[in-house]
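Please look over the sequence and the model below before reading on. The paragraphs after them are meant to be followed with the structure in view.

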Amino acid sequence: MDIKNLNQFREWLIKNKKSVSKLEYTKNNYGNNGNLIEKSLPTITTDFCEIGLYNGEIYFVFVVDSKTFNLELFDKIKNKSNMKIYGFEDFNKTLYPADNFDFTNFIKQIQKDRYLQIQFDYKKINIFDLFKKYSNLINVFEKSKVVVVNQLKIDLTKKN
């Protein structure tokens, strides 16, 4: 996957009447190893998630209100091999998947933070299938009644 794929996906979103930002290059992103990525990453933002490109992977990051996260959503996404959940303030700690995972402790942990981040990574996937994955995820989030932060309207870089 490369910048051409990200641009094609953006065009596909527009064609399907989805809200999407212009392509931007964002700084202060962290890799899966928890280290700061030195270079700016190409990203686009929809009303449901940030979509970016790093190391040949396209990723979706949904930011949700921690207090609305529920078992229904968790049950629908927990077995996806390309998914991980981490905090907003303490984003370097992967909360799921984790060794000796306990849902009750997980819920207690996420309640300490206003937001929770849920990331999905995609490697070799065509734009049509990527759009299907995106649409299916939106559907799952909506049906579970979890509040997803609209990053087109709310600047998460500002402290409230």
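Predicted model: local features only at pLDDT ≥ 70, side-chain atom pairs only at ≥ 80, totals over all residues.

At the start of α1, the backbone nitrogen of Lys4 has a side-chain oxygen of Asp2 within 3.0 Å, while just after the helix Lys17 takes a positive phi of about 60°.

Within α1, the buried residues are Asn5, Leu6, Phe9, Arg10 and Leu13. They cover an arc of only 140° around the axis, and therefore lie on the same side of α1. Lys4 and Lys15, on the other side of the helix, are exposed. The cover over the buried residues of α1 includes strands β2, β3 and β4 (57-65), together with helix α4 (127-143).

Strand β2, one of the elements in that cover, is itself largely enclosed by the rest of the structure, because five of the five residues in its run, 41-45, are buried, that is, under 20% relative accessible area. Both of its faces are covered, with Leu41, Thr43 and Thr45 buried on one side and Pro42 and Ile44 buried on the other.

The pairing of β2 can be followed from Thr43. Strand β1 (residues 24-26) runs antiparallel to β2 and is joined to it by three bridges, with Glu24 standing opposite Thr43. Three bridges also join β2 to strand β3 (residues 50-54), again in an antiparallel arrangement, and here Gly52 of β3 is the bridge partner of Thr43.

Terms used. Residues numbered from 1 in each chain as written. Heavy atoms only, no water. Buried < 20%, exposed > 50% of the residue type's maximum accessible area, 1.4 Å probe, protein only. Helix = DSSP H or I, 4+ residues; strand = E, 2+ residues; numbered from the N terminus. Pairing = 2+ DSSP bridges. Arc of directions from axis to C-beta. Contact = heavy atoms within 4.5 Å. Polar contact = N/O pair within 3.5 Å; in protein donor to acceptor, adjacent residues only side chain to side chain.
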